[in-house]
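Colleague: I'm new to this one. Can you put it up and walk me through it?

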Protein chains: 2
Amino acid sequence: MTRQRRVILGIVETATTHLDASQILLQAKGLDPNIDRVTVYRTLGLLKQHGMIDELDLMHVEGEKHFYERRPQRDHIHVTCLRCGKVVELESALFDRLKANIQREADVQIVVTRLEVGGYCADCRASAPARKGK
Amino acid sequence: MTRQRRVILGIVETATTHLDASQILLQAKGLDPNIDRVTVYRTLGLLKQHGMIDELDLMHVEGEKHFYERRPQRDHIHVTCLRCGKVVELESALFDRLKANIQREADVQIVVTRLEVGGYCADCRASAPARKGK
DNA sequence: TTACGTGCAAAAAATTTGCAGTTTC
DNA sequence: GAAACTGCAAATTTTTTGCACGTAA
């Protein structure tokens, strides 16, 4: 456990939004100016492997980057608005049951799950003047 | 609807495995030697936007690429083995119910969902001699 | 120590953009 | 013929690799 890893893990753990590798690098440089982009990638890979953080796409609403968040106590669902990009997180007993089902039906020992939903939030549905054509 | 788009859509629709952009380009070149990588990306983006295909990560078991598949009639769950990479697809009534729940609870009009699961398949659990340490 | 981790340089992949010529309807 | 699409070139962005030096346990 090195200084750099502590810094990176700390950033992801305390983040209030979902960060991608570049944003993490940027923040890390603030705390440790010499930290390298490579170290960020390597550390994220490691933390992911060890189940300390999870990787997300957030439906790729803004480019094809990946986001990271601290692995929560209980899995949650990520709902991303395809128009404004807002992300809502949701826990669900039904989701827990579904996972148990999958484990049994697919005969798999589940390590990680990711449920991402894309759609339109209430605000966007209200303000969108039903664009015609495209 | 151009020749190139027909080719690319055809490839994804008839594929028996999940293909990534490079594999699609390769197959497309077989049918239309002049087709460009750029056209593949643009077309995939378009087909995705129009809900004709879905994009997957398959838990990034082999690199950070993205895979594509024809949009199925009914959503299914992708279960990927983190050791051997095998992918199992699963439909589930519970999943359907969960989506309805999410739509209501998050007040979102769902357009697309993606449930990916990573874990260890039966075969790998059987053959893995409980690696110690790492 | 001493195996592991880091920074630096550079390569490899993956994806996007600008633009002029071509095709579809 | 007009609008939309393509190929080509090149730029970006994202991620990975090799290697000599530095560091935590």
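Predicted model: local features only at pLDDT ≥ 70, side-chain atom pairs only at ≥ 80, totals over all residues.

Colleague: What is the mean pLDDT of chain A?

Modeller: Chain A averages 92, and 95% of the residues score at least 70. Helix H4 (residues 93-105) of chain A has the highest mean among the elements of that chain, 98. Helix H5 (residues 122-127) of chain A has the lowest, 92.

Colleague: And where does pLDDT stay under 50?

Modeller: Over residues 130-134 of chain A. The model has two contacts beyond four places in sequence for that stretch.

Colleague: How many helices and strands does chain A have?

Modeller: Five helices and six strands. The order from the N terminus is α-β-α-α-β-β-β-β-α-β-α. These elements are DSSP runs numbered from the N terminus: helices are H or I with at least four residues, strands are E with at least two.

Colleague: What does the C-alpha trace span?

Modeller: About 50 × 40 × 20 Å along the principal axes of chain A. Of its 134 residues, 43% count as buried. Buried means under 20% relative accessible area, exposed over 50%, partly exposed in between (1.4 Å probe, protein chains only).

Colleague: On to the DNA. How many residues surround DNA strand C?

Modeller: There are 18, and the closest are A:Thr2, A:Gln4, A:Arg5, A:Thr39 and B:Tyr41. A residue is near a strand if one of its heavy atoms lies within 4 Å of it. Of the atoms of DNA strand C that come within 4 Å of the protein, 67% belong to sugar and phosphate.

Colleague: Which polar contacts can I look at there?

Modeller: A polar contact is a pair of N or O atoms within 3.5 Å; within protein, one must be able to donate a hydrogen and the other to accept it, and residues adjacent in sequence count only if both atoms are side-chain atoms. A polar side-chain atom of A:Thr2 is 2.9 Å from a phosphate oxygen of DNA strand C. The side chain of B:His66 places an N or O atom 3.1 Å from a phosphate oxygen of DNA strand C.

Colleague: Which element gives the largest share of that surface?

Modeller: H3(B), with four residues of the surface near DNA strand C.

Colleague: And the other strand, D? Which residues are closest?

Modeller: A:Tyr41, B:Thr2, B:Gln4, B:Arg5 and B:Thr39, out of 18 that surround DNA strand D. Sugar and phosphate make up 68% of the atoms of DNA strand D within 4 Å of the protein.

Colleague: What does B:Arg42 meet on DNA strand D?

Modeller: A base nitrogen, 3.0 Å from an N or O atom in the side chain of B:Arg42. A:Tyr41 has a polar side-chain atom 2.7 Å from a phosphate oxygen of DNA strand D. H3(A) gives the most to the surface near DNA strand D, four residues.

Colleague: Last topic, backbone angles. What is phi of A:Met59?

Modeller: Near 55°, a positive value in a residue other than glycine. Most residues other than glycine have a negative phi. A:Met59 is in the loop between strand E2 (53-56) and strand E3 (67-70) of chain A.

Colleague: Is A:Met59 buried or exposed?

Modeller: A:Met59 counts as buried, because its relative accessibility is 13%. A:His60 lies in the loop between E2 and E3 of chain A and has a positive phi of about 50°. A:His60 counts as buried too, at 8% relative accessibility.

Methods:
Residues numbered from 1 in each chain as written. Chains lettered and ligands numbered in written order. Heavy atoms only, no water. pLDDT = per-residue confidence, 0-100. Contact = heavy atoms within 4.5 Å.
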